[in-house]
Amino acid sequence: MAKSPISVHILLAAVTLLVTLGVVSLYSSPPERLQPLLTSLDDGLINPGPETGKDSLQAATPNQSRPAAAAKTKTAKRPPYAQTAEMSVIVGLGVILALVLPMAPYRWGLTGSLLLGAGFLAFNHFYLLPYKGWRLSSFYPLLCLVTVYLLVTLIRMAFERSGRKGIQQAFSQNPPGSAIEHMMNQPQDVSLEARRKELTILSMSLSGLSALSEELAPQELADFLSRYASEMGSVILDETGTLDRIQGDAITAFWNAPLQQPDHAVRAVRTALECLGRISGLQDELGQTGKANISLRAGINTAEAVVGEMGQEQRGGYTVLGGAAKLARRLAEANRLFGSSILMVQETWQQTGGRFEGRELGELKLPGCKMLVTVVEPLGLAGEVDMEPYEPFLQGLAKVRQGEMSAALRIFEELKKDPAARAYAVKLRKIAKDGGSWTGVWRPAYI
């Protein structure tokens, strides 16, 4: 399983601080055998030339400034706080690197590290030594800088390589798309761990497939389903959706995981409407050959769900589980009640923020669902659908909710071309014939 980006950042920051503490320890108590070597390396970073002696400041010529002469000395007197200052520099560099390197792009991390090192050397060589007559140790801060940069970079590269493998395995059934390409390019931003998150889930299936399968040869049916899956899959990927599963004519996809997508509801509804148009094209082709009619049934649900990489290591995948996905599938089947093609919950409708035209169709009490579900039928993009013909249906629905069933029936009976109105008319006539009552809530037992 891939580690989450936050856990990787915390791990890298911890490694940085541990290296910093190691350098501080080495600075405080260097091994006796290495002390001459470390001292010579430290001196060489400031004065790479031959040693000038302790009295070089006194040997300055009259035309030579004191700062210039001090720049040549290696043994200037150090103030009592010098060691504290040096340790503070090492710790400060470590803290800065711990905050920046785990999250910064590689080139910015390299640029920042070089600038930190160059700035420290410039301050040490061109200010402290010539003007203050002493200098900070350069070897230990630079040792901390180089070690941390190399170690963090190597660990990040290892995690990203592992993350790419995890993405390839989790999305092995997904054809290449912009979302997968983004994840492969920036695996450090992707978490495949199972978690609970708000998603918009789209479930689709075909109506009329059973009759069509009786008319097509086996290979023709397989070719049709392959084309159907390809058409629907391409629309989903164009909207950077995540394909969950394709089983026969049943397709499930979701948005807002693993990539963050604030407009996930809009993307899902737009996808369903585009898929509806593609199915109409396929139906036109079948109609020319005299084959059975097919139509799309799609359900859209926006809710919290468990999403992540689940299953066995060899056969696992990135998927969504829970009641939210089940409700989306039941909404797709509930289109049979109203003769509609797409149904979505009110939460999805509200999150689209007026980007589409649509109408409420009523309330459902679905098996296994404790709450009533208000369903909305999206009709098209905002401004592209004339909503006036749908006003009488909404008036009839209002009468149902007010308990005025006779008035509602009269309205629905006049809307002979509206499948949803016909469904209400049939229901109300049956209730009137049986002498019963109805609250307006549909309770389909077969979904």
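Trainee: At what angle do helix 14 and helix 15 pack, and how far apart are their axes?

Mentor: In this predicted model, helix 14 and helix 15 (residues 419–434) pack at an angle of about 140°, with axes 9 Å apart. That makes helix 14 oblique to helix 15, oblique being what is left after under 35 degrees (roughly parallel), over 145 (roughly antiparallel) and 65 to 115 (roughly perpendicular). Axes here are lines fitted to C-alpha atoms, for helices over the stretch in contact, and angles run from 0 to 180 degrees between N-to-C directions. Helices are DSSP runs of H or I with at least four residues, strands are runs of E with at least two, and both are numbered from the N terminus.

Trainee: Which residues make that contact?

Mentor: Met405, Ala408, Leu409, Phe412 and Glu413 come from helix 14, and Ala421, Tyr424, Ala425, Leu428 and Arg429 from helix 15. Contact means heavy atoms within 4.5 Å. By class, there are eight nonpolar, no polar and two charged residues in the contact of helix 14 with helix 15. Ala, Val, Leu, Ile, Met, Phe, Trp, Tyr, Cys and Pro count as nonpolar, Asp, Glu, Lys and Arg as charged, and the others, Gly among them, as polar.

Trainee: And what about helix 13 against helix 14, what's the angle there?

Mentor: About 160°, with the axes of helix 13 (residues 391–401) and helix 14 (residues 405–414) 8 Å apart. That makes helix 13 roughly antiparallel to helix 14. The residues of this contact divide into nine nonpolar, two polar and one charged.

Trainee: What should I know about cut-offs and numbering?

Mentor: Residues are numbered from 1 along each chain as its sequence is written, and side-chain values use heavy atoms, with hydrogens and water left out. As the model is predicted, local features need pLDDT of at least 70 and side-chain atom pairs count only at pLDDT 80 or more, while totals for chains, interfaces and linings use all residues.

Trainee: Changing topic: which side chain does Arg267 make a polar contact with?

Mentor: That of Asp263, at 2.9 Å. A polar contact is a pair of N or O atoms within 3.5 Å; within protein, one must be able to donate a hydrogen and the other to accept it, and residues adjacent in sequence count only if both atoms are side-chain atoms. Arg267 is in helix 10. Leaving aside neighbours within four places in sequence, Arg267 is in contact with Glu239, Thr240, Trp255 and Gln261.

Trainee: What is phi of Thr240?

Mentor: Near 50°, a positive value in a residue other than glycine. Thr240 lies in the loop between helix 9 (218–238) and strand 2 (242–247).

Trainee: Which peptide bond is cis?

Mentor: The one from Ala257 to Pro258, with omega near 0°. Pro258 is in the loop between strand 3 (250–255) and helix 10.
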